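User: I would like a close look at one helix pair in this chain, with the terms explained as you go.

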Amino acid sequence: MAVDIESLLDFEDLSGTFTATDVFVGLVLGFILLAAIGWLYKRTHKGTSYTQSYVHTLIMMGLIVDVIMLIVGSNIARAFSLVGALSIIRFRNAVKEIRDIGFIFFAMAIGMATGTKFYMLAIIATCVIGALIFIMFEFDWFARPAMSQILKIQLDKDVDFEELFDRTFVKYTQSAELIGIDSVRSGTVTELVYSIILKKNANKHEFIQSIKSQNGNQKVFLITGYNTTDL
């Protein structure tokens, strides 16, 4: 049976729904705005989990969403097909900070706006939302006035610790609460875990040395600012 080559080559070019200018402007503008979002994320990030690859992924994801929106256009069937295709993707890396999820949606929204040619909306949204994020960071909005910290103290298992550190806590802390007791080093050492709030002008070095003078110079571990640091 002869193959009809003409029929095989008879396909419809759907790229006529958008122009090369649409693609170029959308991708270039999207890259500029997404790069600004990446810089904002780096500038306002707290903690130790910052990675360059996450920022690169934000920009890539926004640009990919831009292309997807160009492909979908106003075709409902095409939109459902893409949703089905993308639903098979699974991510195994857990997002360490809730704030990172917000930046993911931020980048996706800008990619959608540039991909659907809402250029003015994309520019204004990036400027306004970015400015608000920066203001919240600079003025430290909604931060707690006193930050809890974790204090770990090791001492010999036979030591009575019930009131051992009371004077030190009264002198250096606003509050101190025992939240955990553990047996380490094959049961020869007891490890105490406290949640403390240091006084405003407390000297951390003097505080730790005072604890060491009472626990037999065993290990003392103070995690400062653990509310904004990834453990």
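User: Within what distance do the axes of helix α2 and helix α5 come, and at roughly what angle do they cross?

Analyst: This is a predicted model, in which local features need pLDDT of at least 70 and side-chain atom pairs count only at pLDDT 80 or more, while totals for chains, interfaces and linings use all residues. Residues are numbered from 1 along each chain as its sequence is written, and side-chain values use heavy atoms, with hydrogens and water left out.

The chain has eight helices and four strands (DSSP runs, H or I of at least four residues for helices and E of at least two for strands, numbered from the N terminus), and their order along the sequence is α-α-α-α-α-α-β-α-β-β-α-β.

The axes of α2 (residues 20-44) and α5 (residues 98-115) come within 9 Å and cross at roughly 165 degrees, where axes are lines fitted to C-alpha atoms over the stretch in contact and angles run from 0 to 180 degrees between N-to-C directions. That makes α2 roughly antiparallel to α5, a term for angles over 145 degrees.

As for the residues involved, G26, L29, G30, L33, L34, I37, L40, Y41 and T44 of α2 meet R99, D100, F103, F106, A107, I110 and T114 of α5, contact being heavy atoms within 4.5 Å. The residues of this contact divide into ten nonpolar, four polar and two charged; Ala, Val, Leu, Ile, Met, Phe, Trp, Tyr, Cys and Pro count as nonpolar, Asp, Glu, Lys and Arg as charged, and the others, Gly among them, as polar.

For the chain as a whole, 74% of the contacts between residues at least 6 apart in sequence join residues at least 24 apart.

How values were computed:
Angles under 35 degrees count as roughly parallel, over 145 as roughly antiparallel, 65 to 115 as roughly perpendicular and the rest as oblique.
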